[in-house]
Amino acid sequence: MWFPEKTKKVLHVFGGVWRHMGFSPSTWAQFVRINLLRSNTRANVRHYQMLIPRRHCRIVLDGSAQLIFNGTLSLGWKHFPKSTLETRFWVGKNSRVIVNGAFVVYKGSDIRVLDNAVLILNDGFCNYGVQIVCSKSVTIGKGCVIAPDVIIRDHDAHRILNDDHEIAKDICIGEHVWIGTRALILKGVTIGDGAVVAAGAVVTRDVPAHCVVAGVPAKIIREQTEWA
């Protein structure tokens with residue numbers, strides 16, 4: 001059967017999306033509403049620049065929040081097809097989420113972009129149970145691997161009185177960074193390209209490129225490191 005070239009492209013794209021989403025009317029409703037109907041979403045479904053939610057994703061978007069897709073954000077990926085574990089994605093007033101490349105968020109993760117904040121995601125993935133709280137700015141660079149139960153927070157949630165306490169500071173994670181299971185990345189931290197954060201580390205200060213850090217608080221234990 002002959003189809004115009006554009007029709008073939010559309011069918012190919014929706015066939016790929018179908019493999020991820022399956023038959024779930026509520027999930028498809030989210031997909032259409034966010035990518036095709038929402039005025040503050042910049043998406044191009046034909047070029048895979050979009051959000052792909054799976055079943056059991058809970059998505060809350062303020063009307064003023066901007067979603068800018070220069071790639072694909074895949075929410076709720078899972079190894080176990082029958083899992084009902086929720087994935088949560090909350091984006092507040094006047095905030096922005098910018099996706100460059102393909103970024104995958106596994107089941108059970110919780111991403112919250114608070115009012116006026118900016119979250120930038122490049123190629124990479126977050127494994128199960130990752131928490132990201134972005135109150136000011138969080139950037140995750142290209143090729144990052146984030147293990148299960150990692151917490152990334154640029155915000156303290158409560159203010160310490162009678163002190164020059166700054167409640168929120170930017171977090172910048174460079175390219176090709178490996179963050180181990182249950183590590184905690186706190187406000188004001190920059191992690192250099194190629195760095196490795198060991199499991200359970202609490203990162204409170206900058207990490208140089210190509211270093212391994214471990215401990216509480218995290219300290220450099222190895223330099224000039226490469227990983228694959």
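## Strand S4 and its neighbours

Strand S2 (residues 50-53) and S4 run parallel and are joined by four bridges. Strands here are DSSP runs of E with at least two residues, helices are runs of H or I with at least four residues, and both are numbered from the N terminus. Two strands pair if DSSP finds at least two bridges between them. The model is predicted, so local features need pLDDT of at least 70 and side-chain atom pairs count only at pLDDT 80 or more, while totals for chains, interfaces and linings use all residues. Residues are numbered from 1 along each chain as its sequence is written, and side-chain values use heavy atoms, with hydrogens and water left out.

Nine of the twelve residues of S4 are buried, so the strand is mostly covered. Buried means under 20% relative accessible area, exposed means over 50%, and partly exposed is in between (1.4 Å probe, protein chains only). In a regular strand the side chains alternate between the two faces of the sheet.

## Aromatic pairs

Rings of Phe, Tyr and Trp (its six-membered ring) pair if their centres lie within 6.5 Å; planes under 30 degrees apart count as stacked, over 60 as edge-to-face and the rest as tilted. The count by this rule is five aromatic pairs. Trp-28 and Phe-31 are edge-to-face, because their ring centres are 5.6 Å apart and their planes stand at 70 degrees. Both residues belong to helix H2 (residues 25-37), and being three residues apart they are separated by about one helical turn. Trp-28 is buried at 17% relative accessible area, and Phe-31 is buried at 0%.

The pair of Trp-178 and Trp-227 is tilted, with 5.5 Å from centre to centre and 45 degrees between the planes. This pair links distant parts of the chain, 49 residues apart: Trp-178 is in strand S15 (residues 178-179) and Trp-227 is in the segment after strand S21 (219-222). Trp-178 is partly exposed at 38% relative accessible area, whereas Trp-227 is buried at 17%. One aromatic cluster is formed by Trp-77, Tyr-106, Phe-125 and Tyr-128.

## Salt bridges

Side chains of opposite charge can pair when their charged atoms come close. A salt bridge is counted when a side-chain nitrogen of Lys or Arg lies within 4 Å of a carboxyl oxygen of Asp or Glu. Six salt bridges are found in a search of the whole structure. One of them joins Glu-86 to Arg-58, with 3.2 Å between the closest N and O atoms. Glu-86 lies in the loop between strand S4 (66-77) and strand S5 (87-91), and Arg-58 lies in strand S3 (residues 57-61), so the pair ties together parts that are 28 residues apart in sequence. Glu-86 is partly exposed at 29% relative accessibility, and Arg-58 is partly exposed at 39%. A network of salt bridges links Arg-58, Glu-86 and Arg-88.

Arg-182 and Asp-149 meet through their side chains in a salt bridge with an N to O distance of 3.8 Å. Here too distant parts of the chain are linked, 33 residues apart: Arg-182 is in the loop between S15 and strand S16 (184-185), and Asp-149 is in the loop between strand S12 (144-146) and strand S13 (151-153). Arg-182 is exposed at 60% relative accessibility, while Asp-149 is partly exposed at 35%. Another salt bridge is formed by Arg-112 and Asp-110, whose closest N and O atoms are 2.9 Å apart. Arg-112 is partly exposed at 36% relative accessibility, and Asp-110 is buried at 14%.

## Cysteines

A disulfide is a pair of cysteine sulfur atoms within 2.5 Å. By this rule there are zero disulfides. Cys-126 is in no disulfide, and the nearest cysteine sulfur, that of Cys-144, is 9.1 Å away. Cys-126 is buried at 1% relative accessible area. Cys-211 is buried at 3% relative accessibility.
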